[in-house]
Amino acid sequence: MSLFMEIEAEGTESLPFSVEETAQLVVDAALDYEECPYEAEVNLLLTDNENICEMNRNFRQIDRPTDVLSFPMQEFETPGDFSIFENEHAEDSFNPETGELMLGDIVISVEKVLEQSEAYGHTPRREFAFLVAHSMLHLLGYDHMEDDERLVMEQKQREILEQIEITR
């Protein structure tokens, strides 16, 4: 699965692994797992707690830093069902320059990746990969507001990470 991913970093913290390589691996695995028939476009912003707190406050009315925010560009009637992009009105869903399905934006707090990896006893790379997988599922229409939705997302996240051998 080919993918265009733009990665932007702000803040002073950095992660002790190749962010680009890991993000590409997880995004590709998520798209393969969900059997995405299109080349896709995802943007990734790495930021700090201060900036993600401001975004969380502005977009979710929650005044605290979070680990990851997802900004989907598509509305799936059924999570992971790409058939909605087969009609002639779906052309707005694709980048006119590249022809790729524009999935949306992922914002990750580098500080939270480092804090949570230590708190949960696994590597920063595993925490980062988990957050990318989690966010990708949001970009593909999944949510976790209800218990049954949460269980589906947890299983999919685990299976995506197992597929690329980034486990606890």
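Me: How many disulfides does this model have?
Reply: The count comes to zero disulfides. Keep in mind that this is a predicted model.

Me: Remind me, what is a disulfide?
Reply: A disulfide is a covalent bond linking the sulfur atoms of two cysteines. To be counted here, a pair of cysteine sulfur atoms has to be within 2.5 Å.

Me: OK, what about C36, buried or exposed?
Reply: C36 is buried, because its relative accessible area is 4% and buried means under 20%.

Me: And C53, buried or exposed?
Reply: C53 counts as buried too, with 13% relative accessibility.

Me: Switching topic. Where does Y33 sit?
Reply: Y33 is in helix 1, which covers residues 19–33.

Me: Which residues does Y33 touch, skipping the ones up to four places away in sequence?
Reply: Those are K156, E159, I160 and Q163.

Me: And how far is the C-alpha of Y33 from that of Q157?
Reply: Those two C-alpha atoms are separated by 10.0 Å, while the residues are 124 apart along the chain.

Me: So how do helix 1 and helix 5 pack?
Reply: They pack at an angle of about 120°, and their axes are 9 Å apart. That angle makes helix 1 and helix 5 oblique to each other. The crossing of helix 1 past helix 5 is right-handed.

Me: Which residues make that contact?
Reply: Helix 1 brings V26, A29, A30 and Y33, and helix 5 brings K156, E159, I160 and Q163.

Me: How many of the residues where helix 1 meets helix 5 are nonpolar, polar and charged?
Reply: That contact of helix 1 with helix 5 has five nonpolar residues, one polar and two charged.

Me: Now helix 4. At what angle do helix 4 and helix 5 pack?
Reply: The angle is about 130°, with the axes 10 Å apart. Helix 4 spans residues 124–139 and helix 5 spans residues 147–163. Helix 4 and helix 5 are oblique to each other as well.

Me: Is the crossing of helix 4 past helix 5 left-handed or right-handed?
Reply: Helix 4 makes a right-handed crossing past helix 5.

Me: Which residues meet there?
Reply: From helix 4 you get R126, A129, F130, A133, H134, L137 and H138. On the helix 5 side they meet M153, K156, Q157, I160 and L161. The contact of helix 4 with helix 5 splits into seven nonpolar, three polar and two charged residues.

Notes. Residues are numbered from 1 along each chain as its sequence is written. This is a predicted model: local features need pLDDT of at least 70, side-chain atom pairs count only at pLDDT 80 or more; totals for chains, interfaces and linings use all residues. Side-chain values use heavy atoms; hydrogens and water are left out. Buried means under 20% relative accessible area, exposed over 50%, partly exposed in between (1.4 Å probe, protein chains only). Helices (H or I, at least four residues) and strands (E, at least two) are DSSP runs, numbered from the N terminus. Contact means heavy atoms within 4.5 Å. Axes are lines fitted to C-alpha atoms, for helices over the stretch in contact, and angles run from 0 to 180 degrees between N-to-C directions. Angles under 35 degrees count as roughly parallel, over 145 as roughly antiparallel, 65 to 115 as roughly perpendicular and the rest as oblique. A crossing is left-handed if the near helix is turned anticlockwise from the far one by less than a right angle, and right-handed if clockwise. Ala, Val, Leu, Ile, Met, Phe, Trp, Tyr, Cys and Pro count as nonpolar, Asp, Glu, Lys and Arg as charged, and the others, Gly among them, as polar.
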